[in-house]
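Here's a friendly walk through one protein chain. Keep the picture handy as you read.

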Amino acid sequence: MSTRTVISKISTTSKEIKKVLLSETLLLIVLLNETLVYELNSLKLMDRLKTYSNPLGVASISQNKSQKIFACLHSEKGHVEVNFSDLHRKVVINAHDNSI
């Protein structure tokens, strides 16, 4: 028989979570118009990124243990934001001209 234990709860302002991504160090929660970035060990909110409308929950996270890298939609249509959390740096890429 398995038992479940709640170790923490995370509240969002959105009613619908589009995607949840995990790495060994990060937790990403993708909502319609923002991406929440948490430190996995402490569940401390590291960043709240405003994004363009993202009904499909498009995002990605690196599984590289030595770097905290993730990508999500940028706030501007057609742009993707690649975040290098360890370096406190981000790169915005003009990816396309169409809606998702």
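What follows is a short tour from the overall layout to the inside and then the surface.

## Ground rules

This is a predicted model, where local features need pLDDT of at least 70 and side-chain atom pairs count only at pLDDT 80 or more, while totals for chains, interfaces and linings use all residues. Residues are numbered from 1 along each chain as its sequence is written, and side-chain values use heavy atoms, with hydrogens and water left out.

## The overall layout

The protein chain has eight strands and zero helices. (Strands are DSSP runs of E, at least two residues, and helices are runs of H or I, at least four, numbered from the N terminus.) Its C-alpha trace spans about 50 × 30 × 20 Å along the principal axes.

Of its 100 residues, 35% count as buried, meaning under 20% relative accessible area with a 1.4 Å probe, protein chains only.

## Inside

The largest nonpolar core has 10 residues, including Leu-21, Val-37, Leu-49 and Phe-70. Such a core is a set of buried Ala, Val, Leu, Ile, Met, Phe, Trp, Tyr and Cys residues joined through side-chain atoms within 4.5 Å. Strands β2 (26–30), β5 (59–61) and β6 (69–73) each give it two or more residues, and β2 has the largest share, with three.

Val-30, a member of this core, touches Ile-17, Thr-35 and Ala-59, among others, not counting residues up to four places away in sequence. (Touching, or contact, means heavy atoms within 4.5 Å.)

## On the surface

Ile-17, Val-20 and Leu-22 form a nonpolar patch with about 270 Å² of accessible area together. Areas come from the Shrake-Rupley method with a 1.4 Å probe; for residues, only the protein chains shown count as cover. Val-20 sits in strand β1 (residues 19–22).

Technical notes
Buried < 20%, exposed > 50% of the residue type's maximum accessible area, 1.4 Å probe, protein only. Patch = residues over 30% accessible without salt bridge, like charges linked within 9 Å, V, L, I, M, F, W, Y side chains within 5 Å. Salt bridge = Lys/Arg side-chain N within 4 Å of Asp/Glu carboxyl O.
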